[in-house]
Amino acid sequence: MEKKPMVGVGLRPTHYPVLEIESETNIEKSVDWFEAISENYMNTEGRPIKMLLHVRKAYPVALHGVGLSIASHDGVSEVYLKKLKSLIDRVEPIIVSDHFCWSSMGGHYSHDLLPFPFHSEVLDIICKNVETVQDFMGRQLCLENISYYLKSKTDEMPESHFINEVCRRTGCGLLLDLNNVDVNAKNHGFQAFEFIKELNFNNVKQIHLAGPSQEEGFVFDTHSTPVPDSVWKLYQQFTDIKKDVPVIIEWDENIPSFQVLEEEVLKVRHIINNQEAHT
Amino acid sequence: MTNEVLKPWQVSFLNYILNIEQSFLSAANSMNDLSVGSCADIYKRGYNARLVESLGDTYSATWWVLGDEDFLELASGFVREIPSINYDLSDYGEEFFDFLKDRPVIAEIPFVYDLARFEWNFKSLFHSQDSPVEENIFGFIGANPDAKIRLLPSIILWQSNFAIYKIWKQREGDITSLNEIDLDIGESILCRKLAGKVHMSYLEESELRMLNQFLIPRSIEEAVISYQNLFGELTPESIQSLFSRIGALGVLGVAPLIGAAPLNSLK
């Protein structure tokens with residue numbers, strides 16, 4: 001029998017009080033693990049880092065960054081890498097991840113996950129940057145597919161091929177965000193699961209599930225709503241093929257009570273249990 | 001490695017987001033039925049929203065005092081002028097209180113500059129390491145009278161001609177509570193990071209003045225001389241009384257300090 005995947009949630013300050021109480025009362029754990037946003041803990045000795053270390057005592061934790069800027073033409077910031085490495089040494093995460101994107105250039109920071117051309121020149125640059133990061137950290141980096149609202153006219157290969165190639169050349173893992181695939185499929189007009197099938201499943205080390213919002217003329221990746229049916233369906237389809245990938249429920253805006261997140265976790269477990277019952 | 005694709009894409013994309021120029025629009029394809037400009041504007045709006053939100057988090061009391069309309073207008077104006085140059089979003093906005101100083105709205109609310117400055121310093125202190133507790137420093141000094149001492153790290157000496165701390169403490173209440181505060185009463189405050197929290201305690205002016213002498217390492221004698229040069233003669237009794245009170249605070253340590261870099265300089 002395949003091992004059941006860990007199911008967890010993003011660690012957010014809104015839920016610190018609940019988690020403090022939970023650890024004090026030692027109630028049954030409803031989630032298996034947490035994912036923390038790296039940058040929220042890299043530059044502080046305040047309550048956030050204390051809470052993260054507190055949570056880490058009881059749970060596995062992944063560090064998920066938004067500022068590595070792996071696709072920067074400039075390369076990756078040494079200052080940033082040193083801070084990240086120091087955090088990794090303190091937290092001892094089970095996964096370290098960031099995004100297939102760029103966010104800074106020439107000393108300016110966009111604080112956003114910006115897309116890049118799916119082009120052989122960019123492929124070379126990203127692979128070089130990934131190798132630099134992995135060498136520095138002495139461990140595997142995972143990169144998440146992003147949602148994007150425009151594309152470059154110079155694209156010369158499909159995104160799925162680009163991702164497979166980066167993983168193949170560098171040994172980095174893929175954090176597959178099914179919500180982002182769904183958002184892109186709706187915005188750019190392709191079949192979400194057809195895209196997923198083009199990916200090398202052996203590279204998938206983690207899954208993100210989240211909910212977007214509907215804006216005028218497009219779907220916006222806000223992580224502000226429950227996971228929609230279309231994303232649950234993708235998860236079901238994915239787990240029909242590969243079951244043991246750890247999952248995180250992400251919720252970043254209009255963050256609900258911890259109980260609501262626990263209900264989303266239960267839905268993941270329900271899908272997994274149903275599949276087990278049918279096999 | 002060539003520079004034909006990624007660098008021009010990133011330069012023009014960032015220039016578009018920062019409102020510098022629009023050539024990026026000819027390099028991109030849009031989604032659905034939207035124009036390229038509409039798609040690119042999603043990123044432009046996102047940039048502004050994130051930085052304004054970060055300013056709002058750091059300067060929450062300033063926002064409370066100014067109200068939504070003025071704060072958001074000022075914050076957006078600041079974002080247009082000052083790009084982010086740090087990966088840590090919460091580090092954005094160090095220049096915001098200086099930016100406020102030159103705005104017309106500030107003429108109506110003179111304490112807002114000090115309030116914003118206080119908030120930036122509070123944020124820095126919140127994220128700093130705990131201040132160590134130094135007990136019986138003067139016992140040590142008694143045995144080593146030439147030893148240099150200084151203010152411990154993660155301590156800030158705050159002074160204002162307005163009741164900034166009182167205003168700041170009200171920031172989650174109703175704005176009408178400002179009417180209950182005598183805004184023009186000045187304050188001297190010791191701000192200290194201890195056990196994961198920032199603690200504030202009021203100081204007498206003479207205590208603040210003497211503690212300020214220890215922003216750089218000094219012997220007691222050097223500090224007293226410096227104090228007297230600045231503020232006039234002290235009697236032996238008042239020196240003893242002053243150091244007795246300062247000693248009880250436990251905020252002075254023997255220099256050089258080992259560990260965290262001192263955070264004593266007010267922005």
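Strand E8 (residues 151-152) of chain A and strand E1 (28-29) of chain B run antiparallel, joined by 2 bridges. Strands pair if DSSP finds at least two bridges between them. This is a predicted model: local features need pLDDT of at least 70, side-chain atom pairs count only at pLDDT 80 or more, and totals for chains, interfaces and linings use all residues. Residues are numbered from 1 along each chain as its sequence is written, while chains are lettered from A and ligands numbered from 1 in the order in which they are written.

**Interface**
- B:Asn29 in E1(B) is the bridge partner of A:Lys151.
- The contact takes 39 residues from chain A and 41 residues from chain B; two residues are in contact if their C-beta atoms, placed from the backbone, lie within 7 Å.
- On the side of chain B that touches chain A, helix H1 (6-17), strand E1 (28-29) and helix H2 (36-58) each give two or more residues.
- Helices (H or I, at least four residues) and strands (E, at least two) are DSSP runs, numbered from the N terminus.
- That side of chain B divides into 23 nonpolar, 12 polar and 6 charged residues.
- Ala, Val, Leu, Ile, Met, Phe, Trp, Tyr, Cys and Pro count as nonpolar, Asp, Glu, Lys and Arg as charged, and the others, Gly among them, as polar.

**Helix H2 of chain B**
- The 23 residues of H2(B) should span 33 Å at 1.5 Å a residue, and the end C-alpha atoms are 34 Å apart, which agrees. The expected span is 1.5 Å times one less than the number of residues.
- Buried residues of H2(B) include B:Tyr43, B:Tyr47 and B:Leu51. A residue is buried if 20 or more other C-beta atoms lie within 10 Å of its own, exposed if 12 or fewer, and partly exposed in between.
- Their cover includes strand E6 (108-114) of chain A, together with H1, E1, H4, H5 and H7 of chain B.

**A:Ser110**
- A:Ser110 sits in strand E6 of chain A.
- A:Ser110 counts as buried because it has 26 C-beta neighbours inside 10 Å.
- Leaving aside neighbours within four places in sequence, its contacts are A:Ser103, A:Ser104, B:Leu14, B:Ile17 and B:Tyr47.

**Core**
- The largest nonpolar core has 143 residues. Such a core is a set of buried Ala, Val, Leu, Ile, Met, Phe, Trp, Tyr and Cys residues joined through C-beta atoms within 7 Å.
- A:Ala71, A:Leu174, A:Leu178 and A:Leu209 have the most contacts inside this core.
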